[in-house]
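Reader: I have a structure open here and would like to talk through how its parts pack together. Could you take me through it, starting with the aromatic side chains?

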Amino acid sequence: MMRFPALLSRIALLACALLAAATPARADVKALLLATDYAEAADSRLQLDNPVADGRMIAAALRRTTVDEIELVEEPDAARWGTAFEDFAASLSGDDIAFVYFAGHGFQIDGANYLLAADGHSLIGLDAMLRRLTGEARGVVFVVDACRNNPLIEADRSTEMEIVAIEGAQRALDTVTLDDIVFSNRGLAQVGSLRGLSAVVFFSTEPGNVAEDGATAGKGSPFAIEFAREIRRRQSLDETFRKTAVAVNERTSGRQSPWRQGDLPFDVFIGGMRALPIP
């Protein structure tokens, strides 16, 4: 007959084995945050009240989580954006989770999404950024807090904007006029380059809708306020996304509903795991 201490020892070993099996693999989460109010943009209609405040809010929330490396870049023009992004991508290993947050203007051109740098005329392709990051990291989480309005609807239609490459040696890929931004007044598009389970993109509002910038300057947008509250909780990223979406929808009386696209083949716990994993 097995002695009681030996039985307890075997039970403890079995419990440890089950716990290890239920726990996600350890991975470092590295974060890059880009935020711009367009304070120095030549066209004052681009200016927003809260993106920089939103970036600071998300950075402060991440500092209360398991994320060790956090870089916040405020008012990045095309050059600063490119440098920060390249440095971030180069720092990633195959075991890392890349977390990127952008707050500012976003536009859709021919079904592709572009983020507007602080200079007010340089467009950075979201698809290109995702391709680079998924090639470097184990998984990518990209939060797009953009499409707050389209201030360029009534601008000079011959105004040119430059699409800036973040891949390869060529800096400018092309130029577009405002007439080319045919769907920008109807929000961003679904990301066409997402394949497999390498990345998840969380948008502050659904396709074809506009995200609110916030009623008070410097106090944060509805999305950033709720996302900052949820991202630091001890819960999975899936729960963070769902609870943020519900809270933003309630805060805006149904006018804004965050949504996600893509997925990862494992759980991510940016705020840390619960004390006991849920079976």
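Author: This is a predicted model, and in it ring pairs link Phe 99, Phe 202, Phe 223, Phe 227 and Phe 241 into a cluster.

Reader: OK, and how many aromatic pairs turn up in the whole structure?

Author: A search of the whole structure finds seven aromatic pairs. One of them is formed by Phe 202 and Phe 223, whose rings are tilted, with 5.5 Å from centre to centre and 55° between the planes.

Reader: Which elements do Phe 202 and Phe 223 sit in?

Author: Phe 202 belongs to strand β10, residues 199–203, while Phe 223 belongs to helix α5, so the pair ties together parts that lie 21 residues apart in sequence.

Reader: And are those two, Phe 202 and Phe 223, buried or exposed?

Author: Phe 202 is buried, and Phe 223 is buried as well.

Reader: What about Phe 202 and Phe 227, what kind of pair is that?

Author: Phe 202 and Phe 227 also make a tilted pair, at 6.0 Å centre to centre and with 50° between the planes. That pair links distant parts of the chain, since Phe 202 is in strand β10 and Phe 227 in helix α5, 25 residues apart, and both Phe 202 and Phe 227 are buried.

Reader: Staying with α5, how do α5 and α6 cross?

Author: The axes of helix α5 (residues 222–231) and helix α6 (residues 237–251) come within 9 Å and cross at roughly 145°, and α5 passes α6 in a right-handed crossing.

Reader: Which residues meet there, between α5 and α6?

Author: On the α5 side they include Phe 223, Ile 225 and Phe 227, and on the α6 side they include Leu 237, Phe 241 and Val 248. Sorted by class, the contact between α5 and α6 has nine nonpolar, two polar and five charged residues.

Reader: Switching to the sheet, what is the strand order?

Author: Six strands make an open sheet with mixed pairing, in the order β2-β1-β3-β7-β10-β11. Its edge strands are β2 (69–74) and β11 (259–263), each of which pairs on one side only.

Reader: And how do β1 and β3 pair?

Author: Strand β1 (residues 29–35) and strand β3 (residues 97–103) pair in the parallel sense over seven bridges, and Leu 34 stands opposite Phe 102 in β3.

Reader: Last one, which strands does α2 touch?

Author: Helix α2 (residues 51–62) packs on the sheet and touches β1, β2, β3 and β7 (139–145), with its direction making about 165° with that of β1. Helix α3 (residues 78–91) lies across β1, β2 and β3, and runs at about 175° to β1.

Conventions:
Residues are numbered from 1 along each chain as its sequence is written. This is a predicted model: local features need pLDDT of at least 70, side-chain atom pairs count only at pLDDT 80 or more; totals for chains, interfaces and linings use all residues. Side-chain values use heavy atoms; hydrogens and water are left out. Axes are lines fitted to C-alpha atoms, for helices over the stretch in contact, and angles run from 0 to 180 degrees between N-to-C directions. Helices (H or I, at least four residues) and strands (E, at least two) are DSSP runs, numbered from the N terminus. A crossing is left-handed if the near helix is turned anticlockwise from the far one by less than a right angle, and right-handed if clockwise. Contact means heavy atoms within 4.5 Å. Ala, Val, Leu, Ile, Met, Phe, Trp, Tyr, Cys and Pro count as nonpolar, Asp, Glu, Lys and Arg as charged, and the others, Gly among them, as polar. Two strands pair if DSSP finds at least two bridges between them. Rings of Phe, Tyr and Trp (its six-membered ring) pair if their centres lie within 6.5 Å; planes under 30 degrees apart count as stacked, over 60 as edge-to-face and the rest as tilted. Buried means under 20% relative accessible area, exposed over 50%, partly exposed in between (1.4 Å probe, protein chains only).
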